[in-house]
Amino acid sequence: MNIEDIEKVLDKTKWKPEDYSDTINGIQFNTNMGIYRYDKTRYYPYIYKFEKNANIDGIESKSNISRSMQPIEDNQGGYYLGSTYSREQANSYIELTQSYWTEAQKLIDAIDNVRYRVLFYDSNVSNELNFYLASRFTRTAVSKEAYFGIQEIEKRNIAGLNLFFSNGNGTSVTRSVRPIVEVDLSKVKIENTKSNGDTAVTGYVLTEI
């Protein structure tokens, strides 16, 4: 599951990712609009050079790799975002466009109840779900260093885990991942003789037509 899977089910009339903003030195930066330059802390994870909005020493990336895609080239090895082994340093500066966003309360109104429960809550367990999304982010939230990380679901909230910093340090945080399967409903028949279909016991039965 990636961040686009969530964005495409949002009711954009009630809330959209661009409404989220960070503030840097009193200046508001919206998601996918906030651009900030770092010339003192200018390390970046190797994978960043493939991002379509990457700017390293004034050279903009010609790649079209989005936050939920993987580059094909790996001749230098290692895309692990939190690895200091695969870090590189710009000669002069790096310039980042913020792709990070986070939200909690407004999502309740912007996602219908069925999808909300699938994304954020498992009725079989006592706590809310916590898992990585298959989407990287860059965050220009502070003026001293940039953050590179992975978006996540955490206790009914869209959030993000910082795994690499432009000062050259990296970290790691353990999370599970969650697969997602899309089904062409024109080719299946949905049957459910039990209750509401939201658990493994009362799940819907899909029969191929």
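Colleague: Which strand does Asn162 lie in?
Modeller: Asn162 is in strand β11, residues 158-165. Bear in mind that this is a predicted model.

Colleague: Is Asn162 buried or partly exposed?
Modeller: Partly exposed, because its relative accessible area is 22% and buried means under 20%.

Colleague: What is Asn162 in contact with, leaving aside neighbours within four places in sequence?
Modeller: Phe137, Tyr147, Phe148, Gly149 and Thr171. The C-alpha atoms of Asn162 and Ile150 are separated by 6.9 Å, and these two residues are twelve apart along the chain.

Colleague: Where does β11 stand in its sheet?
Modeller: The sheet is open, with four strands in the order β11-β10-β9-β12 and mixed pairing. β11 and β12 (176-177) stand at the edges with a single partner strand each, so one side of each has no neighbour in the sheet.

Colleague: How do β9 and β12 run, and how many bridges join them?
Modeller: They run parallel, joined by two bridges. Tyr132 has Val177 in β12 as its bridge partner.

Colleague: Changing topic: which residues touch the most other members of the largest nonpolar core?
Modeller: Trp101, Leu107, Ile111, Phe120 and Ile158, out of 23 residues in that core. Elements giving two or more residues to this core include α2 (105-110), α3 (113-120) and β11. There is also a second, separate core of 14 residues, with Ile24, Tyr44, Ala54 and Ala146 among them.

Colleague: And how many salt bridges does a search of the whole structure find?
Modeller: Seven. One of them joins the side chains of Glu88 and Lys49 at 3.1 Å, N to O. Glu88 is in strand β7 (residues 87-89) and Lys49 in the loop between β4 (43-45) and β5 (55-56), so the pair ties together parts 39 residues apart in sequence.

Colleague: Glu88 and Lys49, buried or partly exposed?
Modeller: Glu88 counts as buried at 18% relative accessibility, whereas Lys49 is partly exposed at 27%.

Colleague: What about Glu51 and Arg136?
Modeller: Their side chains meet in a salt bridge at 2.6 Å, N to O. This pair links Glu51, in the loop between β4 and β5, to Arg136 in strand β9, 85 residues apart. Both residues are buried.

Colleague: Last one: which residues form the nonpolar patch on the surface?
Modeller: Val181, Val183, Leu185, Ile190, Tyr204 and Leu206, with about 610 Å² of accessible area together. Leu206 sits in strand β14 (residues 205-208) and counts as partly exposed at 45% relative accessibility.

Notes
Residues are numbered from 1 along each chain as its sequence is written. This is a predicted model: local features need pLDDT of at least 70, side-chain atom pairs count only at pLDDT 80 or more; totals for chains, interfaces and linings use all residues. Side-chain values use heavy atoms; hydrogens and water are left out. Patches are made of residues with over 30% relative accessible area and no salt bridge: like charges are joined within 9 Å, nonpolar side chains (Val, Leu, Ile, Met, Phe, Trp, Tyr) within 5 Å. Accessible areas come from the Shrake-Rupley method with a 1.4 Å probe; for residues, only the protein chains shown count as cover. A salt bridge is a side-chain nitrogen of Lys or Arg within 4 Å of a carboxyl oxygen of Asp or Glu. Buried means under 20% relative accessible area, exposed over 50%, partly exposed in between (1.4 Å probe, protein chains only). Contact means heavy atoms within 4.5 Å. A nonpolar core is a set of buried Ala, Val, Leu, Ile, Met, Phe, Trp, Tyr and Cys residues joined through side-chain atoms within 4.5 Å. Two strands pair if DSSP finds at least two bridges between them.
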